[in-house]
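Welcome! Take a moment to look over the sequence and the structure before reading on.

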Amino acid sequence: MLKTLCCLFCFVSTVMCAQNKVSSNLLEAPVNGGLKMDEYWVWGSSVIKGDDGVYHMYASRWPKFLPFHPGWMTNSEIVHATSNTPEGPYTFKDVALGARGAQYWDGRSCHNPKIVKYKDTYILYYMGSTHPFEDVSKNNIAQFTLASKWCISARWGKRIGIAISKNPNGPWERYDAPILDVKPDSFYSFLTSNPSPLLKDDGAVVLLFKGRNYKEDGISNSDMSIGVATAPSFEGPYTVVGDQPLFSTEHLGEIEDPHIWKDVNGIHMVAKDQRRKITGVAGDGLLAHSEDGIQWEVDPNPKAYTKLVKWDTGKIIKQGQLERPFVLVEDNVPTHIFFATMDGPGGFSKGSNTWNMVIPLSQK
């Protein structure tokens, strides 16, 4: 019995240590890595290695004549860039998902891409939205605020969908309806967004997502919650598990940008701690783990990263923003973590440039 307990303790200790190998394995970030685009805000990337041996990145961008926030709500598109190495730099190739008309649920904005593959099919998960008004342009930019007609409609319309292709270069076939809609009187009655899928060997899907619900006034919306949905295949149908979110201001803490992956040590999540309840610092990264992707526990040593980044120039810089973490896994081992980042002192209105950066992970 004692021998069994000792073996169990060693196993649990090994798993617990393995669960926080992000923070201890962060190497220097290449200054010339990732993706930068002149005249555009660039945000949030997802990367996959194609059968051609090339690394394909999918990222959000929108024109810089718009304010960073809330410009993404109305004018974001998902672009495709490539590199021969995971670090990059990545070269823009084409627009994977762009505007396609106000009559479509995702006709005005496509944002927050996550790329996965099942057998011979590439599946691009993303958030889409639309609005029925004229385009936002330099002529009416003075009227463009979070409280404007464009943003009220586009924010309310945020939903999760997918596009599929047999080739990472496209073309992409979009679904004409979201895969995860809102539900009245639920924690996601107002919107669904920020998808993070995990495809199992049999094709079944576990999907983490962000939701907001209407407050009692029926007009304003709540803080963020993270829920989980499942589907027998990427085609759906997607069913939200339970009536309560995994993370919220009332349970564990408010988080954003969850990314889920599987490696030799199990199923993991990295996310941004929105209000410092878990890591002690708002905006730092946290780690959680799960056996099935549905029931989650915060790691005993939860801090995954901070905004302090060591670059390959030797400089250590506190980034204004460091968000949308994405972990690249090859041969069942995490090799790189990607971020959307911004310069400046912090705050979306105080930065002048954004880009997608990458940090290699030590394999020690």
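This report on a predicted model looks at a helix pair, one threonine and some salt bridges.

Helix α3 (residues 68-75) packs against helix α4 (residues 149-156) at an angle of about 65 degrees, and their axes are 9 Å apart. The crossing of α3 past α4 is left-handed. On the α3 side, P70, M73 and T74 make the contact, while α4 brings in W150, C151, A154 and R155. Sorted by class, these are five nonpolar residues, one polar and one charged.

## A buried threonine

T354 sits in strand β21 (residues 354-360). This residue counts as buried because its relative accessibility is 6%, under the 20% limit. Its side chain reaches the backbone nitrogen of V42 at 2.8 Å. Among the residues that T354 touches are W41, W43, F68 and M342.

## Salt bridges

Side chains of opposite charge can pair when their charged atoms come close. The whole structure has 17 salt bridges.

One of them joins D181 and R159, at 2.8 Å from N to O. D181 lies in the loop between β8 (173-174) and β9 (191-199) and R159 in strand β7 (residues 159-165), so the bridge ties together parts 22 residues apart in sequence. D181 is partly exposed, at 42% relative accessible area, whereas R159 is buried, at 9%.

R324 also forms a salt bridge with D257, their closest N and O atoms being 3.2 Å apart. R324 belongs to strand β19 (residues 321-330) and D257 to strand β13 (residues 255-263), so this pair connects parts 67 residues apart in sequence. Both R324 and D257 are buried.

Methods:
Residues numbered from 1 in each chain as written. Predicted model: local features only at pLDDT ≥ 70, side-chain atom pairs only at ≥ 80, totals over all residues. Heavy atoms only, no water. Axes fitted to C-alpha atoms, helices over the stretch in contact; angles between N-to-C directions. Helix = DSSP H or I, 4+ residues; strand = E, 2+ residues; numbered from the N terminus. Left-handed = near helix turned anticlockwise from the far one by under 90°. Contact = heavy atoms within 4.5 Å. Nonpolar A, V, L, I, M, F, W, Y, C, P; charged D, E, K, R; others polar. Buried < 20%, exposed > 50% of the residue type's maximum accessible area, 1.4 Å probe, protein only. Polar contact = N/O pair within 3.5 Å; in protein donor to acceptor, adjacent residues only side chain to side chain. Salt bridge = Lys/Arg side-chain N within 4 Å of Asp/Glu carboxyl O. Lists of a residue's contacts leave out its neighbours within four places in sequence.
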